[in-house]
Amino acid sequence: MSPRPILILLLTLLPAWRPSAGPAPVQTIRAMYVADVVALDSAMAVLYRAVKTEKPPRVIRQRFRQARLAYKRIEWLTEVLYPFSARQLNGPPVPEGELEGGVGRQIDAAGFQVVEEALFPYNADEKAALLAQLTRIRQTIRLLWQVGTSAPLTDSKVFDALRLQLFRIITLGISGFDSPVDQRSLPEAAMSLQTLQRVLALYPVATADPALSHELDRLFAEAGNRLRRSSFNRFDRLVFIRAVANPLGEALAEAQQALHIPVVTGRRMLATSARTLSDSGIFDPYVFAPVGSPKPTPDRIALGKMLFESTLLSDNSRPLTQRSCAGCHQPERAFTDGQTTALALGSAHDRIKRNTPTLLHAGLQVLQFLDARSLTIEEQIDDVLTNPREMGGSWRGALKAIQADAAVMAAFGRAYGSLPVSRETVSNAMAHYVRSLTGFNTRFDRYMRHDPTAQLTSTEQLGFNLFMGKAKCGTCHFYPIFNGTVPPDYVRTESEVIGVPATADNRRVSPDSGRYGVTRLAIHLRAFKIPGIRGIANTAPYMHNGVYQALEQVIDFYDKGGGNGLGFGLSNQTLPDQRLLLTPREKEALIAFLRTL
């Protein structure tokens with residue numbers, strides 16, 4: 001059965017609803033959502049015919065843009081209710097890989113972003129592949145139509161989806177994350193906000209709080225005007241987030257409260273009660289701890305810090321093999337060591353092959369290590385402790401040394417009471433300490449919270465706008481955490497192939513295989529987890545091999561298009577290899593902004 005015959009029925013039902021009578025908002029929202037899914041299918045049919053009948057490229061691209069706008073009307077609810085379908089419709093334009101039972105599995109790219117790359121520029125020789133991709137998208141859309149009324153929907157979930165979509169616009173939409181080639185992110189964000197306003201209008205906010213309703217209308221109008229009247233590179237993202245989007249998030253939360261609609265329950269990295277992404281304490285670094293493990297307490301974190309700074313966990317058989325975690329992750333250096341790569345245990349010359357990453361905000365990522373081989377910090381601790389080139393210890397020796405230390409045992413008793421000194425409790429304490437190294441109180445954070453004591457210079461403001469726009473940094477280092485954990489659901493941390501050189505002369509690519517050594521997937525050759533860049537001014541040298549000593553070198557590398565821009569010819573590079581064409585002033589502004597973190 002085709003979805004189109006029900007479209008007229010759905011559209012005739014929608015205008016008849018009034019807050020005082022008729023179906024409840026969630027029922028109307030379901031009908032509205034299905035109608036928007038049908039409209040998307042129609043737009044895709046028009047695009048499909050344009051490609052099949054070989055319309056001029058400009059016509060095909062225009063049909064594509066109309067289909068994308070139609071998708072933005074369903075994105076807000078699709079992402080919450082049907083996340084797998086959302087990835088099929090609008091996933092990354094490159095193949096991805098994951099581990100299943102220790103074996104790597106490649107997931108082919110699909111969706112609008114793949115189509116975008118095929119259309120800009122359009123090559124008629126790729127017509128068959130393009131039609132196949134469009135067919136896959138339409139199959140997913142029809143599946144959405146079939147299940148559009150099946151997933152449980154409540155008023156709480158509706159308001160949660162509204163705020164999450166606003167956060168998606170702030171973090172991904174205005175950065176160009178899912179429209180990297182055509183750069184139509186701003187009008188698409190405007191369409192998305194228009195949909196949110198349309199949904200909110202189904203609730204009696206004006207009756208509950210007339211002044212709040214008026215403020216919501218004002219903020220929606222201002223947001224739409226700003227998005228529609230600016231070009232991608234000139235858009236002031238800083239002002240948009242700080243003066244429009246954040247107040248809109250607060251107003252949505254106040255509307256939910258005025259309507260006596262409870263916040264959704266459940267635990268996730270981003271608090272369900274978050275009003276803006278600039279709020280304090282909205283990210284939970286302990287959400288990725290192993291299920292059932294002891295919860296964090298101040299005493300457990302204090303014990304973890306004591307163990308982190310102690311040499312009890314290392315091979316203590318001789319002076320050169322006595323090492324603490326803090327020896328390489330030095331607090332004064334943002335928990336790095338200032339070395340290209342750390343010295344191997346017991347050696348004055350031999351070095352391990354990778355740079356020591358910062359531990360700041362390490363808890364706010366799904367995977368650990370630069371090659372993303374560990375799922376938890378607890379697994380990472382085990383790996384480092386038993387690695388003969390890093391700590392060179394053993395759990396048997398570490399537990400024996402801990403039990404022989406009166407001060408540590410006293411702290412352990414305060415932290416765990418009658419629980420035994422074990423691999424699980426020791427790694428639990430240390431992992432909780434690492435997760436505690438999370439805080440959002442830099443000058444940039446305070447500025448975003450309108451702290452009058454924290455200001456950004458015009459150069460720093462320009463730097464943020466470049467970071468989130470022209471320079472494309474924000475499409476990998478996602479605001480506001482600035483790491484690779486993808487907002488706003490924060491359930492996956494991305495890796496990328498950027499083509500880091502072996503030496504600072506940029507003549508050849510680094511031989512490090514990266515994540516390939518874990519998954520054995522060709523797409524992961526030279527892929528590395530996207531690192532967090534908070535504290536970046538104190539974490540030099542940079543890149544997985546410490547090849548660059550200064551931020552200026554890092555910016556130049558990206559400005560040239562990464563490894564392929566340097567001529568390395570990497571077939572699987574995921575970083576766009578087009579030059580950014582940053583001016584000297586723009587590079588200075590980028591670095592000035594980075595230093596505010």
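Trainee: What pLDDT does the protein chain average?

Mentor: The pLDDT is the predictor's confidence in each residue, on a scale from 0 to 100. Here the protein chain averages 94, and 96% of the residues score at least 70. Over residues 1-21, however, the pLDDT is below 50, although this stretch has 29 contacts in the model beyond near neighbours in sequence, a contact meaning heavy atoms within 4.5 Å. Where pLDDT is low, the predicted coordinates should not be read in detail.

Trainee: Which residues of helix α17 are buried?

Mentor: Helices (H or I, at least four residues) and strands (E, at least two) are DSSP runs, numbered from the N terminus. A residue is buried under 20% relative accessible area, exposed over 50% and partly exposed in between, using a 1.4 Å probe and protein chains only. In α17, which spans residues 406-416, the buried residues are Val408, Ala411, Phe412, Ala415 and Tyr416. Seen down the axis of α17, these buried residues fall within an arc of 110°, so they line one face of the helix; the arc is that of the directions from the helix axis to the C-beta atoms. Ala406 and Arg414, on the other side of α17, are exposed. The cover over the buried residues includes α13 (298-308), α16 (395-403) and α18 (423-435).

Trainee: What is found at the start of α17, and which residue follows the helix?

Mentor: At the start, a side-chain oxygen of Asp405 reaches to within 3.1 Å of the backbone nitrogen of Ala407. After α17 comes Gly417, with a positive phi near 60°.

Trainee: How many salt bridges does the structure hold?

Mentor: Side chains of opposite charge can pair when their charged atoms come close. A salt bridge is counted when a side-chain nitrogen of Lys or Arg is within 4 Å of a carboxyl oxygen of Asp or Glu, and the structure holds 36 of them. One of them joins Glu309 and Lys305, with the closest N and O atoms 2.8 Å apart; Glu309 is partly exposed at 42% relative accessibility, and Lys305 is partly exposed at 35%.
Another joins Asp445 and Arg534, again with 2.8 Å between the closest N and O atoms. Because Asp445 lies in helix α19 (residues 443-448) and Arg534 in the loop between β4 (528-529) and α22 (551-559), the pair ties together parts that are 89 residues apart in sequence. Asp445 counts as buried at 6% relative accessibility, as does Arg534 at 4%.
There is also a network of salt bridges that links Lys353, Arg354, Asp371, Arg373, Asp383 and Asp512.

Trainee: How many bridges join strand β1 to strand β2?

Mentor: Two strands are taken to pair if DSSP finds at least two bridges between them. Five bridges join β1 (residues 96-100) to β2 (residues 103-107), and the two strands run antiparallel. Glu98 stands opposite Arg105 in β2. The hairpin has two residues between the strands, and Gly101 takes a positive phi near 65°.

Trainee: Is Ser510 buried or exposed?

Mentor: Ser510 counts as buried, because its relative accessibility is 4%, and it lies in the loop between β3 (495-496) and α21 (516-519). Leaving aside neighbours within four places in sequence, Ser510 is in contact with Val500, Pro501, Ala502, Arg526, His544 and Asn545. With His544, the side chain of Ser510 makes a polar contact of 3.1 Å, a term for a pair of N or O atoms within 3.5 Å; within protein, one must be able to donate a hydrogen and the other to accept it, and residues adjacent in sequence count only if both atoms are side-chain atoms.

Trainee: Where does Glu117 lie?

Mentor: Glu117 lies in helix α6 (residues 112-119) and is partly exposed, with a relative accessible area of 40%. Beyond its neighbours within four places in sequence, Glu117 is in contact with Pro93 and Val181.

Note on methods: Residues are numbered from 1 along each chain as its sequence is written. This is a predicted model: local features need pLDDT of at least 70, side-chain atom pairs count only at pLDDT 80 or more; totals for chains, interfaces and linings use all residues. Side-chain values use heavy atoms; hydrogens and water are left out.
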